[in-house]
Amino acid sequence: MGIGRFAFTPLMPLMLQEGLLDIAAASWLASANYLGYLIGALLCTFQPALWAKWSWPALASSRMVKVGLTLTCALTAAMAIDIADAWPWLRFITGITTAIGFVYTSTWCLAHLAQMNRPSAGGIIYMGPGIGITFSGLLASVMVQLAWPSSWGWVAFALLALMITVLLWPVFDHDDDLHPQTTRSVSTAANGGSQTEKATLVIAYGLAGFGYIITATFLPVMARAALPGSVWLDLFWPLLGVAVALGALIASRIPSRIDQRALLIGCYLMQSLGVVIVNWVPTLTGFAIGSVLVGLPFTAITFFTMQLGRQLHPQSAPAIIGLLSGAFAFGQIIGPPVAAAMLARAANHATGFAWAIDLAAASLLVGAGMYGWMIKRFAAR
């Protein structure tokens with residue numbers, strides 16, 4: 001998932017340098033991927049009704065994970081083809097497949113961990129995107145030094161994804177031991193939440209999608225504009241990936257008795273500071289600290305939100321996880337076009353990025369406030 005969703009970020013400077021894209025085109029290409037992620041999440045949300053309507057058999061979680069993994073490898077490799085008109089469609093379909101992979105991997109793993117009475121260990125799952133971001137970022141740094149064309153980068157990332165898929169394939173063999181026990185385990189975990197509480201959670205998670213995505217999409221480009229000629233430019237993105245993986249590991253060690261809403265407030269505040277600090281301190285130190293503060297809570301936010309979602313809607317984990325992922329994807333979709341619009345209206349790119357970053361940080365502060373309201377309004381979980 002770290003490769004399928006985020007490989008475009010470290011390759012974007014190469015594609016811009018080669019004249020294959022400009023900033024506006026790159027923004028819309030990123031949004032095509034996020035739109036696909038939204039569609040994929042919604043398909044997962046409504047999949048029981050779709051299967052019943054179209055008389056399709058219910059597809060096991062393990063099978064859906066394998067479909068997502070396989071298509072992600074193929075679609076990443078296809079980006080190496082120099083047909084610019086096809087790129088938005090490829091990124092769009094990649095978004096669909098990574099959403100399906102995310103929802104069903106989360107469902108499969110969290111359900112098994114619930115059976116084992118180890119729900120807090122689920123944070124380890126979300127180390128994956130951080131590791132993918134790190135390795136793809138380091139590979140991209142090597143490619144820049146070797147003056148590789150971006151097409152070679154897409155092929156290299158596809159091969160890396162294929163290697164990971166081959167290693168993972170035997171893990172997702174079956175779901176035979178999952179469904180009956182999962183139903184009992186999840187149903188006894190909570191009685192569910194009110195519609196208002198669920199809606200607040202969905203909106204707050206959507207704000208997280210908008211709040212981080214401008215930095216996650218344009219970090220290498222912003223660093224090059226602020227620190228021209230620095231030898232460290234290509235390491236900020238891998239640093240963010242390391243922080244993502246470390247944050248997921250830390251999240252898995254936090255006792256499950258702590259209210260996830262309070263943890264989410266801390267994560268949102270940390271990420272808001274990480275987003276905006278590059279405006280306040282546009283130096284090597286500022287970008288390094290910003291990369292860490294954006295990365296550390298990234299998958300922790302996802303983990304705590306998915307845990308809370310399963311508590312609020314225990315009847316169907318894929319549905320609530322899909323709905324939350326859809327809200328997150330919607331926030332991601334509007335982020336790059338908003339940044340592109342501000343860049344078009346600003347006197348220079350630095351000013352435009354500053355406006356966009358301030359807005360993103362403000363959205364995360366609003367999300368933190370919504371969790372504070374949830375704590376005050378609803379009983380502890």
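The model is predicted: local features need pLDDT of at least 70, side-chain atom pairs count only at pLDDT 80 or more, and totals for chains, interfaces and linings use all residues. Residues are numbered from 1 along each chain as its sequence is written, and side-chain values use heavy atoms, with hydrogens and water left out. The chain has 16 helices and zero strands, and 58% of its 381 residues count as buried.

**Overall fold**

- Helices (H or I, at least four residues) and strands (E, at least two) are DSSP runs, numbered from the N terminus.
- Buried stands for under 20% relative accessible area and exposed for over 50%, with partly exposed in between (1.4 Å probe, protein chains only).
- Of the contacts (heavy atoms within 4.5 Å) in the chain with a separation of 6 or more, 83% join residues 24 or more positions apart.

**Nonpolar core**

- A nonpolar core is a set of buried Ala, Val, Leu, Ile, Met, Phe, Trp, Tyr and Cys residues joined through side-chain atoms within 4.5 Å.
- The largest such core holds 111 residues, of which Phe8, Tyr205, Ile214, Tyr268, Phe287, Phe304 and Met306 touch the most other members.
- Helix α10 (residues 195–226) supplies the largest share of this core, with 16 residues.
- Beyond residues up to four places away in sequence, Phe8 touches Met15, Leu21, Ala26, Leu29, Ala30, Arg91 and Trp154.

**Largest pocket**

- Two or more lining residues come from each of α1 (2–6), α5 (61–78), α6 (87–115), α7 (127–145) and α8 (150–168).
- Helix α6 gives the most to this lining, with eight residues.
- The lining has 21 nonpolar, twelve polar and no charged residues; Ala, Val, Leu, Ile, Met, Phe, Trp, Tyr, Cys and Pro count as nonpolar, Asp, Glu, Lys and Arg as charged, and the others, Gly among them, as polar.

**Buried helix residues**

- Gln332 lies in helix α15 (residues 317–345) and counts as buried because its relative accessibility is 0%.
- Apart from residues up to four places away in sequence, Gln332 touches Arg5, Tyr34, Tyr37, Gly209, Phe210, Tyr212 and Ile213.
- Ala158, in helix α8, counts as buried because its relative accessibility is 7%.
- Leaving aside neighbours within four places in sequence, Ala158 contacts Cys73, Thr76 and Ala77.
- The C-alpha atoms of Ala158 and Ala74 are separated by 7.1 Å, although the two residues are 84 residues apart along the chain.

**Loop residues with positive phi**

- Asn117 is not a glycine, yet has a positive phi of about 60°; Asn117 lies in the loop between α6 and α7 and is exposed at 66% relative accessibility.
- Ala147, also not a glycine, has a positive phi of about 60°; Ala147 sits in the loop between α7 and α8 and is exposed, with a relative accessible area of 64%.
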